[in-house]
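Thank you all for coming; please have a look at the sequence and the model while I talk.

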Amino acid sequence: MKSSLFNCRVFHKRFSPKTYGFSTRLFMWHLDLDGIEAVCRASPLVSHNRFNVYSFRDDDHLYLGKPTLRENIEAYLADKGIPEKPARITLLTNLRTFGYVFNPVSFFFCYDSGHNPLAVVVEVHNTFGELKPFLLDPSQLAGNRFQATHPKLFYISPFSGLDERLEIKVELPHNRLALHVNTWRNGEAGAEEGFIL
């Protein structure tokens with residue numbers, strides 16, 4: 001699969017302490033982890049692990065002591081009980097732009113050799129520089145969409161506490177996809193965020 005760009009509409013709606021929302025347009029990179037060097041060769045504006053207009057840096061993502069990002073994702077999957085190494089991993093993310101990155105959430109789509117989905121790793125960053133991965137496994141796949149609820153684990157927004165849960169809905173990428181990350185507290189919605197690509 002070739003890497004590509006997705007034209008996105010991103011929306012956010014918060015229900016407490018005061019209702020607030022916005023919607024904006026942007027683009028996101030959908031990269032085959034085994035094809036990043038090919039993307040860099042195809043465009044002088046894109047580089048891997050060095051400064052450029054757009055830069056993909058391994059250290060902006062999950063690190064478990066392995067030499068490559070692919071191996072770190074494989075190690076995370078194995079630790080979570082998925083021993084099969086993915087034949088292909090694609091990543092929906094934002095790249096650094098002139099050295100600066102704002103990347104609140106990235107999505108690793110993992111497939112077996114028959115192009116069947118193995119898992120999705122949702123990588124959430126907060127404004128304190130912390131990163132937490134959340135696994136969506138095959139038991140949480142129905143049709144073309146993964147859906148799961150996870151404990152929040154860390155502060156993401158100053159308006160939400162640690163007692164909330166994250167509801168994550170992720171479509172597998174085709175010509176379009178929809179992604180949602182919602183927060184819930186005591187059965188009530190706290191915030192809703194989504195990407196329509």
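Predicted model: local features only at pLDDT ≥ 70, side-chain atom pairs only at ≥ 80, totals over all residues.

Let me begin with Tyr54, whose bridge partner in β6 is Thr97. Tyr54 belongs to strand β4, which covers residues 54–56 and pairs with β6 in the antiparallel sense over two bridges. Two strands are said to pair if DSSP finds at least two bridges between them, and the helices (H or I, at least four residues) and strands (E, at least two) are DSSP runs, numbered from the N terminus. Residues are numbered from 1 along each chain as its sequence is written, and side-chain values use heavy atoms, with hydrogens and water left out.

The sheet around β4 is open and has three strands in the order β3-β4-β6, with mixed pairing. Because β3 (46–48) and β6 (96–97) stand at the edges with a single partner strand each, one side of each is left without a neighbour in the sheet.

Tyr54 also takes part in an aromatic pair with Phe27: the ring centres are 6.2 Å apart and the planes lie at 75°, so the pair is edge-to-face. Rings of Phe, Tyr and Trp (for Trp, its six-membered ring) pair if their centres lie within 6.5 Å, and planes under 30 degrees apart count as stacked, over 60 as edge-to-face and the rest as tilted. This pair links distant parts of the chain, since Phe27 sits in strand β2 (residues 20–32) and Tyr54 in strand β4, 27 residues apart. Ring pairs join Phe27, Trp29 and Tyr54 into a cluster.

Trp29 leads us to β5, where its bridge partner is Thr93. β2 and β5 pair in the antiparallel sense over four bridges, and β5 also pairs with strand β7 (residues 105–111), again in the antiparallel sense, over five bridges.

How many of the six residues of β5 are buried? The count is six of six, with Arg88, Thr90 and Leu92 on one side and Ile89, Leu91 and Thr93 on the other. In general, the side chains of a regular strand alternate between the two faces of the sheet. Thr90 has a relative accessibility of 1%, and its side chain makes a polar contact with the side chain of His30 at 2.9 Å. A polar contact is a pair of N or O atoms within 3.5 Å; within protein, one must be able to donate a hydrogen and the other to accept it, and residues adjacent in sequence count only if both atoms are side-chain atoms.

To finish, the residues that line the largest cavity are Ser55, Phe56, Arg57, Asp60, His61, Asn94, Leu95, Arg96, Val101 and Asn103. On a 1 Å grid over the protein atoms alone, a cavity is a set of points where a 1.4 Å probe fits but cannot get out, and lining residues have an atom within 4 Å of a point.

How values were computed:
Buried < 20%, exposed > 50% of the residue type's maximum accessible area, 1.4 Å probe, protein only. 1 Å grid on protein atoms, 1.4 Å probe; cavity = no way out; pocket = protein on both sides within 12 Å on 5 of 7 lines; lining within 4 Å.
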